[in-house]
Amino acid sequence: QVLLVESGGGLVQAGGSLRLSCAASGGTFSSYAMGWFRRAPGKEREFVGAITWSGGSTHYADSVKGRFTISRDSAKNTVYLQMNSLKLGDTAVYYCAADRYGSHEYEYWGQGTQVTVSS
């Protein structure tokens, strides 16, 4: 069983930055692709971005491309989401998830961390 715990959310003004962390335990973190998702109030959950198990490749939703960066530190079993130039529309609960087989199917999910962007 893999446990994922997000942290780093909070309140930030538009244009500001936050870095979210997702700490993993109980599995083979270094072999998992990892993804970030978000759910805004009243909306469906949406994909934000993902990183391969090696960290050698990332891809992002168009809405965050150029502003958000995903990285990972396998020594710390942690994946990060650096969010810059935050917009009001980035307000959401952010979740990390683990994809064990690189199949884009995420078997394990964290509990989420709230990000609120204010004007």
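Analyst: The residues that line the largest cavity are V2, L4, A24, S25, G26, G27, T28, F29, Y32, M34, N77 and A98. On a 1 Å grid over the protein atoms alone, a cavity is a set of points where a 1.4 Å probe fits but cannot get out, whereas a pocket is an open set with protein on both sides within 12 Å along at least five of seven lines; a lining residue has an atom within 4 Å of a point. This is a predicted model, in which local features need pLDDT of at least 70 and side-chain atom pairs count only at pLDDT 80 or more, while totals for chains, interfaces and linings use all residues. Residues are numbered from 1 along each chain as its sequence is written, and side-chain values use heavy atoms, with hydrogens and water left out.

The volume of the largest cavity is about 40 Å³, a volume being the space filled by probe spheres set on grid points that are joined across faces, edges and corners. Across the whole structure, the search finds one cavity of 30 Å³ or more. Seven nonpolar and five polar residues make up the cavity lining, with no charged residues. In this classification Ala, Val, Leu, Ile, Met, Phe, Trp, Tyr, Cys and Pro are nonpolar, Asp, Glu, Lys and Arg are charged, and the others, Gly among them, are polar.

The largest pocket, by contrast an open space, holds about 170 Å³. It has 15 lining residues, of which A33, I51, T52, G102 and H104 are the closest to its centre. Its lining comprises seven nonpolar, six polar and two charged residues.

Next, the disulfide. C22 and C96 form it, with their sulfur atoms 1.9 Å apart; the criterion is a pair of cysteine sulfur atoms within 2.5 Å. Because C22 lies in strand β3 (residues 18-25) and C96 in strand β9 (residues 92-99), the pair ties together parts that are 74 residues apart in sequence. Strands (E, at least two residues) are DSSP runs numbered from the N terminus. The torsion about the S-S bond of C22 and C96 is about 55°, so the disulfide is right-handed. C22 is buried at a relative accessible area of 0%, and C96 is likewise buried at 0%; buried means under 20% relative accessible area, exposed over 50%, and partly exposed in between (1.4 Å probe, protein chains only).

Note on methods. Helix = DSSP H or I, 4+ residues; strand = E, 2+ residues; numbered from the N terminus.
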